[in-house]
There are 2 protein chains.
Amino acid sequence: MVDIEAVLSGNRLVLSRLLTEVENGTDAGRRALDDLFPRSGKAHLVGITGAPGTGKSTLVTCLALELRQTCSKSVAIVAVDPSSPFTGGAILGDRVRMRDLAGDTGVFIRSMATRGELGGLAGATAGVVQMLDAAGFDFILVETVGAGQNEVDIARLAHTTLVVDSPGLGDDIQAIKAGILEIADILVINKADLPGVENTERALRANLELGYVHPLEHNGNHRMQKDTKQGVVQEGWTPPVLRTVATLRQGSAEVVEAMLRHRQYLERSGLLKARDEERLRNEVEHQLQAALVRKWKQGVSAERYEALLQEVYARKRSPGSIANSLIG
Amino acid sequence: MVDIEAVLSGNRLVLSRLLTEVENGTDAGRRALDDLFPRSGKAHLVGITGAPGTGKSTLVTCLALELRQTCSKSVAIVAVDPSSPFTGGAILGDRVRMRDLAGDTGVFIRSMATRGELGGLAGATAGVVQMLDAAGFDFILVETVGAGQNEVDIARLAHTTLVVDSPGLGDDIQAIKAGILEIADILVINKADLPGVENTERALRANLELGYVHPLEHNGNHRMQKDTKQGVVQEGWTPPVLRTVATLRQGSAEVVEAMLRHRQYLERSGLLKARDEERLRNEVEHQLQAALVRKWKQGVSAERYEALLQEVYARKRSPGSIANSLIG
């Protein structure tokens, strides 16, 4: 039995257990999400992403401290970590740098392990965020490590997306950074006490103003334009470029202030509602897909399925044609 | 109409167009995959992954040259790049460093853009790899940028997974690296002319021998053991640790030799068949899921769907309960 009252009254142990159920996609987890859903929709969801080496974790810690101490807001941190496909464990489980937050009941930290199923991470993260939202946290900070599809999927969850950069990153990192620059609502240059910070800021501002040009394609005709989707956001919002030194807790007040301003902007422009609805529509599609597969699996004979798989293994029939005849 | 004969006779333009259809998940793309599927199953699939800054692209180029010039094998390279969610374009579309391969008809290079749908990248990559396999390439090298779920998903596609490391990476990178070390069949230390290469090699060998320990958890009880799944592979195969300087084309012959040895090992041990079957089973599940959703969407009224979505937006009912009543 899931003790929803305990979660709502702030029992962190019960919340943790429930999040594990949600992450694992169990029936109990699904039921809890269903039951708690009407309570959700109040938290402000912030995605924090950026290339490796930019000091994201320290910045997240810093922002959480700022939100707690200056704004008296409760904060949940969701860390989406690289993890082993075999152990299923989150490597950064004990986050050394987050020690500063220990003992504060207004802060809750959750490390996600990436789950086995294809595309499972984004789905599981959506559930965890929704549960934390329902549990009453004012701010939910979702930190993603790495680059690519994960960032994009998770940015869709967020009301406000912070992209973190820092001076002195290598070429490969620049390429990774490039892919996520366009999803930024706020740009943060962390480690701003390092040499080269002016160059980093100039490059970011140039990207913002001129549309993005990949460093490897300066000579070419591959210049990309921001499309209309981003254009909508930009009509009333220019992503600010802010400097921080998270290890010294410098600049975090300005970042929090920008987050609050962005929230107001989203509310005023109607985009908050639009982003929420898009997120929920995606969530329904995701749930629908899962439910269709579950239902279908209950109705099919294991022998028939296995026999058809053998035809695929022998390369007599393609996975696509098997799928079609199975549901036909 | 899809001209399959043209693909099989080596027409690269037709192949490119077909791959775009596959990547976009169009009906034509699906039909082509179905038609060409019986021709697939001959290529050796190699995943190449590793932290940013390790020089993966250069190494891939180098390996392709080696396979072409020394072994006379045809090679397709699939680069899974970070990309913009808005333009849908692959940023590294023109890969400067791959210029060396230009003009060789035995080499084909494809950059993947990450696609919009959740978990779409792995699915689209699987289709593209299958198509290249059917088109007759001997080796398909899939390079992934970044870390996390993408790497894991794509490693599942590969017969042989190379994990690339290099000396002198920062702490954040170490953490990312950690998550993918366990999927390696071959470990490559690129940039082996840099200082610190001995330390890098020692650390990798220690990981291999002792099971993985995260750098942040040296003091603790979080030491992870390789589980039995990896144990099976290790029974007859110890991942070799090889040094390369890809920019000087040093060491690539040894890497190719290890790939060929790994292929033989997989064949001898029966693992080649087992890995292929697992991949195809995943592919059937993926296709099934897509087909179920397509079929369901044909049967549902758009008005009813929209009305139910409104209840979710108003937080009266959860996405999960809506999904269940929609398919009920």
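## Contacts and make-up of chain A

Of the chain A contacts that link residues at least 6 apart in sequence, 74% join residues at least 24 apart. Contact here means C-beta atoms, placed from the backbone, within 7 Å. The model is predicted: local features need pLDDT of at least 70, side-chain atom pairs count only at pLDDT 80 or more, and totals for chains, interfaces and linings use all residues. Residues are numbered from 1 along each chain as its sequence is written, while chains are lettered from A and ligands numbered from 1 in the order in which they are written.

Chain A holds 13 helices and seven strands. These are DSSP runs numbered from the N terminus (helices: H or I, at least four residues; strands: E, at least two). Chain A has 328 residues, and 47% of them are buried, that is, with 20 or more other C-beta atoms within 10 Å of their own, C-beta atoms being placed from the backbone.

## The sheet of chain B

In chain B, seven strands make an open, parallel sheet ordered E3-E2-E4-E1-E5-E6-E7. Strands pair if DSSP finds at least two bridges between them. E3 (107-112) and E7 (241-243) of chain B are the edge strands; each has a single partner, so one side of each lacks a neighbour in the sheet. From one strand to the next, the twist averages 20 degrees.

Strand E2 (residues 75-80) of chain B pairs with E3(B) in the parallel sense over six bridges. B:Val80 sits opposite B:Met112 of E3(B).

## Helices on the sheet

Helix H4 (residues 56-69) of chain B lies across E1, E2, E3, E4, E5 and E6 of chain B, at about 175 degrees to E4(B). Helix H10 (residues 252-269) of chain B also packs on the sheet, touching E1, E5, E6 and E7 of chain B. Its direction makes about 175 degrees with that of E6(B). Axes are lines fitted to C-alpha atoms, for helices over the stretch in contact, and angles run from 0 to 180 degrees between N-to-C directions.

## A helix pair between chains

Helix H11 (residues 271-299) of chain A packs against H12(B) at about 120 degrees, with axes 10 Å apart. A:Glu277, A:Leu280, A:Arg281 and A:Val284 of H11(A) meet B:Leu309, B:Val312 and B:Tyr313 of H12(B).

Definitions and conventions
A residue is buried if 20 or more other C-beta atoms lie within 10 Å of its own, exposed if 12 or fewer, and partly exposed in between; C-beta atoms are placed from the backbone. Two residues are in contact if their C-beta atoms, placed from the backbone, lie within 7 Å.
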